[in-house]
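Notebook open, structure loaded. I want to jot down what I looked up, one topic at a time.

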Amino acid sequence: MIAAGVFVLNRCISLPGRTTKETVDQMERVGRDVRDAIVQITQLQPRVTISNRIYFEQNSPIAELALISQTIEVEHEFLHTWAGSTKRLRLHGTYTAKAGFDLRREFSVTVTPEKTIVRLPHAQILGVEQNAIELLAYENGFWNPISGADVQTELASLAKLARDRAAARNLAAEAEESFQTQLKARIGDTPPVQVIFYQTPRSD
């Protein structure tokens with residue numbers, strides 16, 4: 001009877017320790033799974049913290065990750081009249097806008113028994129690259145010719161139109177949605193994962 005009581009007592013004493021170890025092991029598995037999923041999506045290893053202990057430090061072979069790429073077409077016309085002489089220049093531009101993440105910013109995973117928190121910067125327009133420029137109209141005035149400065153100004157206006165159109169299409173939000181969708185597809189909903197996008201200072 002006494003031996004049975006000692007056995008039960010020992011079981012009761014060792015149970016909390018076993019439960020704690022199982023919880024830590026489970027959190028470590030979650031941390032590795034989330035890290036592996038993020039590496040597959042972004043080529044970046046985030047900083048992973050489990051129970052206030054850092055398991056992995058952040059590192060990445062690239063500085064930026066584009067998740068959304070979209071073709072944008074814009075046109076712009078320049079008219080200028082001087083002393084009754086009018087010059088006209090009209091351009092059509094094709095650009096590629098890319099949205100995604102600045103991987104030089106903090107990108108972290110914190111695992112707790114209740115949930116896993118993934119923290120990364122808000123997505124942004126990473127760049128708008130010129131693909132082609134088409135000349136639709138090039139008409140000199142009789143004594144008011146098109147200058148090189150006119151052409152450069154119109155090219156700059158065309159690029160700004162492309163950037164403005166990329167911002168209006170909300171490509172950054174699409175990049176954030178793409179990240180969350182890909183992460184969920186790889187790790188599911190169990191345990192709960194909360195993705196937090198934080199604001200960063202403007203670089204321009």
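I started with S69 and asked which residue is its bridge partner in strand 4. It is K98. This is a predicted model, so I keep that in mind for everything below.

Next I looked at the pairing around that bridge. Strand 3 (residues 64-82) and strand 4 run antiparallel, joined by 18 bridges. The two make a hairpin with two residues between them. In the turn I checked A83, and its phi is positive, about 55°.

Then I followed strand 4 to another partner. It pairs with strand 7 (residues 124-139), again in the antiparallel sense, over 13 bridges. I picked H92 and looked for its bridge partner in strand 7, which turned out to be E134.

Is strand 4 enclosed or open? I went through residues 85-102 and found 14 of the 18 buried, so the strand is largely enclosed by the rest of the structure.

I moved to T116, in strand 6 (residues 116-121). Its relative accessibility is 0%, and since buried means under 20%, T116 counts as buried. What does T116 touch, leaving aside neighbours within four places in sequence? My list has V30, V34, V109, T110, V111, P191, P192, V193 and Q194.

Helix 3 was next. It covers residues 171-187, which is 17 residues. From first C-alpha to last I get 25 Å, close to the 24 Å expected at 1.5 Å a residue. I noted its buried residues: L171, A172, A175, E176, S178, F179, L183 and I187. A reminder to myself: an α-helix has 3.6 residues a turn, so residues three or four places apart point the same way. On the face turned away from the buried side I found the exposed residues E177 and A185.

Last, I zoomed out to the protein chain. How many helices and strands does it have? I count three helices and eight strands. Along the sequence the pattern reads α-β-β-β-β-β-β-β-α-α-β. Buried residues are 33% of the 204 in the chain. I also looked at contacts with a separation of 6 or more, and 72% of them link residues 24 or more positions apart. The chain exposes about 12,300 Å², with carbon and sulfur atoms supplying 52% of it.

Key: Residues numbered from 1 in each chain as written. Predicted model: local features only at pLDDT ≥ 70, side-chain atom pairs only at ≥ 80, totals over all residues. Heavy atoms only, no water. Helix = DSSP H or I, 4+ residues; strand = E, 2+ residues; numbered from the N terminus. Buried < 20%, exposed > 50% of the residue type's maximum accessible area, 1.4 Å probe, protein only. Contact = heavy atoms within 4.5 Å. Areas by Shrake-Rupley, 256 points an atom, 1.4 Å probe, with all protein chains shown as cover. Pairing = 2+ DSSP bridges. Expected span 1.5 Å × (residues − 1).
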